[in-house]
Amino acid sequence: QVQLVESGGGLVQAGGSLRLSCAASGRTLGGYAMGWFRQAPGKEREGVAVISWRGGSTYYSDSVKGRFTSSSDNAKNTVYLQLNSLKPEDTAVYYCARDHVWLRAELTHFPHEYDYWGQGTQVTVSS
């Protein structure tokens, strides 16, 4: 079993920044990519960033590319998502999740490919 706990969300003005953390406990994340997803009210869950377990490969959705950066600290079993230049449309609950395939060859950003999920952290961007 893997437990994921997100933190770092909050209320920020447009143009501001936040840093989300996702701490894993239980089994390690070794060999598994980690994804960041968000879900706004009335919208489907969207994959916004994925990082390979060594951090060498990343994926970003077009909506966040150039503004969000994912990183990892394997020693701490923690992944991070730096959110810069935030916009009101970034308002959502943000989740981290673990890819269910060990050492997947290519990163995936589809929610159904992830098995363990955190409880989410709210990010609200005011205009």
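## Buried or exposed

A residue is called buried when its relative accessible area is under 20%, exposed when over 50%, and partly exposed in between (1.4 Å probe, protein chains only). Arg67 is buried by this test, with a relative accessible area of 10%.

Welcome to a predicted model, in which local features need pLDDT of at least 70, side-chain atom pairs count only at pLDDT 80 or more, and totals for chains, interfaces and linings use all residues. Residues are numbered from 1 along each chain as its sequence is written, and side-chain values use heavy atoms, with hydrogens and water left out.

## Salt bridges

Seven salt bridges turn up across the whole structure, each a side-chain nitrogen of Lys or Arg within 4 Å of a carboxyl oxygen of Asp or Glu. In one of them, Asp90 and Arg67 meet at 2.7 Å, N to O. Asp90 sits in the loop between β8 and β9, and Arg67 in the loop between β6 (58-60) and β7 (68-73), so this pair ties together parts that are 23 residues apart in sequence. Asp90 is buried at 1% relative accessibility.

Another salt bridge joins Asp115 to Arg98 at 3.0 Å, N to O. Because Asp115 belongs to β10 (residues 114-117) and Arg98 to β9, the pair ties together parts 17 residues apart in sequence. Asp115 is partly exposed at 33%, while Arg98 is buried at 5%. Arg104 and Asp99 form a further salt bridge of 2.7 Å, N to O; Arg104 is partly exposed at 25%, and Asp99 is buried at 1%. Through shared partners, salt bridges also join Arg38, Glu46, Arg67 and Asp90 into one network.

## Around Arg67

The side chain of Arg67 has backbone oxygens beside it too. A polar atom of this side chain lies 2.8 Å from the backbone oxygen of Ser63, and the side chain reaches the backbone oxygen of Ser85 at 3.0 Å.

## Aromatic pairs

The structure has five aromatic pairs: rings of Phe, Tyr and Trp (its six-membered ring) with centres within 6.5 Å, called stacked if the planes are under 30 degrees apart, edge-to-face if over 60, and tilted otherwise. Phe37 and Trp117 make a tilted pair, 4.8 Å centre to centre with 50 degrees between the planes. This pair links distant parts of the chain, Phe37 in β4 and Trp117 in β10, 80 residues apart. Phe37 is buried at 0%, whereas Trp117 is partly exposed at 26%.

Phe68 and Tyr94 are also tilted, at 6.5 Å and 55 degrees. Phe68 lies in β7 and Tyr94 in β9, so the pair ties together parts 26 residues apart in sequence. Finally, Phe37, Tyr95, Tyr114 and Trp117 form one aromatic cluster.

Definitions and conventions:
Helices (H or I, at least four residues) and strands (E, at least two) are DSSP runs, numbered from the N terminus. A polar contact is a pair of N or O atoms within 3.5 Å; within protein, one must be able to donate a hydrogen and the other to accept it, and residues adjacent in sequence count only if both atoms are side-chain atoms.
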